[in-house]
Amino acid sequence: ASGTRLFKESDIDALRVIECLKATGMPIKEIKTFIDWCSEGDSTLQQRYDMFLERKASVEAQMAALQKTMELIEHKCSYYKTALEAGTEDIHKPNKVEIPITNE
């Protein structure tokens with residue numbers, strides 16, 4: 001009557017799972033399918049397990065890609081820190097050796 005909603009702990013747990021799935025990039029349609037499977041009970045345990053295995057693989061791939069991105073960012077941070085300390089980016093350029101050309 002006062003507009004306050006009461007949720008069971010299981011409702012909160014379900015919302016956490018939905019948020020987790022959304023964070024992995026799972027489309028809303030697939031999340032709905034998962035919720036439907038949960039409603040169907042034990043007969044969909046294999047589908048739900050397989051879905052989470054797929055999500056796990058997807059998240060692992062995302063993490064690997066992010067790790068490569070982080071490595072490049074860390075390299076560039078180090079590169080620019082060293083250049084700032086030296087006062088020039090030339091510190092990163094290979095030493096040039098000049099060889100005179102003769103017409104012999």
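**Entry 1: H1 against H2**

I began with the crossing of H1 and H2, which is right-handed. For the term I noted the rule: a crossing is left-handed if the near helix is turned anticlockwise from the far one by less than a right angle, and right-handed if clockwise. This is a predicted model, where local features need pLDDT of at least 70 and side-chain atom pairs count only at pLDDT 80 or more, while totals for chains, interfaces and linings use all residues. Residues are numbered from 1 along each chain as its sequence is written, and side-chain values use heavy atoms, with hydrogens and water left out.

I also wrote down what a helix is here: helices (H or I, at least four residues) and strands (E, at least two) are DSSP runs, numbered from the N terminus. H1 covers residues 9–23 and H2 covers residues 28–40. Their axes come within 10 Å and cross at roughly 145 degrees. Such axes are lines fitted to C-alpha atoms, for helices over the stretch in contact, and the angles run from 0 to 180 degrees between N-to-C directions.

Which residues make the contact? From H1 I found Val 17, Ile 18, Leu 21 and Lys 22, and from H2 I found Ile 28, Ile 31, Phe 34 and Ile 35. Contact means heavy atoms within 4.5 Å. Sorted by class, the residues of this contact are seven nonpolar, no polar and one charged. The classes are these: Ala, Val, Leu, Ile, Met, Phe, Trp, Tyr, Cys and Pro count as nonpolar, Asp, Glu, Lys and Arg as charged, and the others, Gly among them, as polar.

**Entry 2: H2 against H3**

Next I looked at H2 and H3, whose axes come within 9 Å and cross at roughly 150 degrees. H2 passes H3 in a left-handed crossing. On the H2 side I listed Phe 34, Trp 37 and Cys 38, which meet Gln 47, Arg 48, Met 51 and Phe 52 in H3. By class, I noted five nonpolar, one polar and one charged residues in the contact of H2 with H3.

**Entry 3: helix lengths and what follows**

I checked the spans next, where the expected value is 1.5 Å times one less than the number of residues. For the 15 residues of H1 that gives 21 Å, and the end C-alpha atoms are 21 Å apart, which agrees. H3 has 42 residues and reaches 61 Å from its first C-alpha to its last, close to the 62 Å expected.

What comes after the helices? Just after H1, Gly 25 takes a positive phi of about 90 degrees. H3 is followed by Gly 87, with a positive phi near 80 degrees.

**Entry 4: aromatic pairs**

How many aromatic pairs are there? I counted two, using this rule: rings of Phe, Tyr and Trp (its six-membered ring) pair if their centres lie within 6.5 Å, and planes under 30 degrees apart count as stacked, over 60 as edge-to-face and the rest as tilted.

Phe 34 and Phe 52 form an edge-to-face pair, 5.6 Å centre to centre with 80 degrees between the planes. This pair links distant parts of the chain, with Phe 34 in H2 and Phe 52 in H3 (residues 45–86), 18 residues apart. Phe 34 is buried at a relative accessible area of 9%, while Phe 52 is partly exposed at 34%. Buried means under 20% relative accessible area, exposed over 50%, and partly exposed in between (1.4 Å probe, protein chains only).

Tyr 79 and Tyr 80 make another edge-to-face pair, 4.9 Å centre to centre with 80 degrees between the planes. Tyr 79 is buried at 15%, and Tyr 80 is partly exposed at 43%.

**Entry 5: the buried residues of H3**

The buried residues of H3 are Arg 48, Met 51, Arg 55, Tyr 79 and Ala 83. H1 and H2 are among what covers them. I picked out Arg 55, which counts as buried at 15% relative accessibility. Not counting residues up to four places away in sequence, Arg 55 touches Leu 21, Thr 24, Gly 25 and Met 26.
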